[in-house]
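Please walk me through the fold of this protein.

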Amino acid sequence: MLFCVTASHKTASFELLERLSRNPQSVAPTLIEAGAQGAVVLATCNRFEAYVETDGLGPDAVLDAVEQATGIPSSELDGSYRMIEDGRVAEHLFAVASGLESVVSGEGEIAGQVRRALTGAREQGTTSPALERLFQRASQAQRRVKNVTALQRAGRSLVRLALELADSRIADWSAERVLLVGTGAYAAVTLATLRERGAVDIRVYSPSGRAELFAKKHDIKAVFADGYAAAARESSLLITCTSVTEPVLGPEQLQRAVGEAETGCWRAGAHSSSQLVIDLGMPRNVDPAVAQLEGVALLDLETIRLHAPLEELQATDAARAVVREAAEDFRAVRSRAVVTPAVVALRTHIFTLLEAEIQRARNRGDEDGLVEQAMRHLAGVLLHTPTTRAHELAAQGRGDEFLTALETLYGLTPEAPAASDAATA
């Protein structure tokens, strides 16, 4: 049985994910010690997942192992994780590897992280044949999504389209005073796109207090909470892209008090008489009321998406379809593996009888081999239907019916498949 314990930006706080990811290399060995047949751990800044193969280890035991390895009480994890079991594990991992579950849909970095997670498990000796096949198929699904859909362009396209729409208002990007609100993956993409267009005067503010770290990494200046409102008022272009659920920018930040002067926190130069606010947040980062302020224009995702190419709007749906198809193929292969030993046992039994009869025919003078040829053809014809039915029943989750029939008719009781056989059948 395969299952996955997953905590991500969708279910857990950044602080909890950070704690889970501090020592991920200890989790898989702890799971093996607890009785798992295999374990692969995927840990990123936005995700912590343990993929486990086991015959008897339950979800509670897995959480206990995570608690032991990370030092985080399982009570703190309540409500911050999801448990995905067996048939849905493949589709989830394939979606993760393809970037469908990322903060920025289609981001490519996660594919490499998935591959490195498998490599790390191999080095630790914690992987298993079934997990090997699962993760290898995940990489194949990711490549197919990349090749046949526009998913990897879709996330970046929202930023690109927003700035293209802003072009009509901006004569010289190098003269813009830009304030970027947010420090996640979208913020990094936005910053790169701004620089491509020639923007140089860029500052960053983080509602969660990570502006200084982001600014240092990207060689820009940070704005802190006590200077946020002043920086917002003195900017000519504001771009918000955070994952917070409440607006981070409203009229109270943009309205200058009577008699208030500029603070000089930006470089010398004339302050723009108008401001453009671009809201890339989902849910909204900007209070729609700012659009009513004099001299302020608001460009939000709803407006941006109206200008998006249809192919890119449909990219996520197309990618999901590819992932579902790949997951169905994976499940079908695993199902067939259940009846593989039975099919092998049946074929071995039939061909043992066949060889005995062929030898008897030779002893009776079948020198030209015509009888042998006819008997081999007949054996193949007779085996075709039960072999096909075995695979059909396995795909329907009824493989045990074939095993019962085989025992009833022939007295054959094949052994359960070894893990390596099940993974590679």
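The questions below go from the whole chain to its sheets and helices.

This is a predicted model, in which local features need pLDDT of at least 70, side-chain atom pairs count only at pLDDT 80 or more, and totals for chains, interfaces and linings use all residues. Residues are numbered from 1 along each chain as its sequence is written, and side-chain values use heavy atoms, with hydrogens and water left out.

Q: How many helices and strands does the protein have?
A: Helices (H or I, at least four residues) and strands (E, at least two) are DSSP runs, numbered from the N terminus. Counted that way, the protein has 18 helices and 10 strands.

Q: What percentage of the residues is buried?
A: Buried means under 20% relative accessible area, exposed over 50%, and partly exposed in between (1.4 Å probe, protein chains only). The protein has 425 residues, and the buried share is 46%.

Q: What is the strand order of the open sheet of four strands?
A: Two strands pair if DSSP finds at least two bridges between them. Pairing in this sheet is antiparallel, and the order is E2-E3-E1-E4. The edge strands, each pairing on one side only, are E2 (38–44) and E4 (82–85).

Q: Which residue in E4 stands opposite Val 5?
A: Strand E1 (residues 2–8) and E4 run antiparallel and are joined by four bridges. Opposite Val 5 stands Met 83.

Q: At about what angle does helix H7 run to E3?
A: Axes are lines fitted to C-alpha atoms, for helices over the stretch in contact, and angles run from 0 to 180 degrees between N-to-C directions. H7 (residues 129–148) lies across E1, E2 and E3. Its angle to E3 is about 135°.

Q: What is the strand order of the open sheet of six strands?
A: Here the pairing is parallel. The edge strands are E7 and E10 (296–300).

Q: Which residue in E9 is the bridge partner of Leu 237?
A: E8 (residues 237–240) and E9 (residues 275–279) pair in the parallel sense over four bridges. The partner of Leu 237 is Leu 276.

Q: Why do the buried residues of H9 line one face of the helix?
A: The buried residues of H9 are Tyr 186, Ala 187, Thr 190, Leu 191, Thr 193 and Leu 194. The arc is that of the directions from the helix axis to the C-beta atoms. Seen down the axis of H9, the buried residues line one face because they fall within an arc of 165°.

Q: Which exposed residues does H10 carry on the face turned away from its buried side?
A: In H10 (residues 211–218), the buried residues are Ala 211, Phe 214, Ala 215 and His 218. They cover an arc of only 100° around the axis, so they sit on the same side of H10. The face turned away carries Glu 212, Leu 213, Lys 216 and Lys 217.

Q: Is Thr 183 buried or exposed?
A: Thr 183 lies in the loop between E5 and H9. Contact means heavy atoms within 4.5 Å. Leaving aside neighbours within four places in sequence, Thr 183 is in contact with Val 204, Ser 206, Arg 210, Ala 211 and Phe 214. Its relative accessibility is 17%, so Thr 183 counts as buried.
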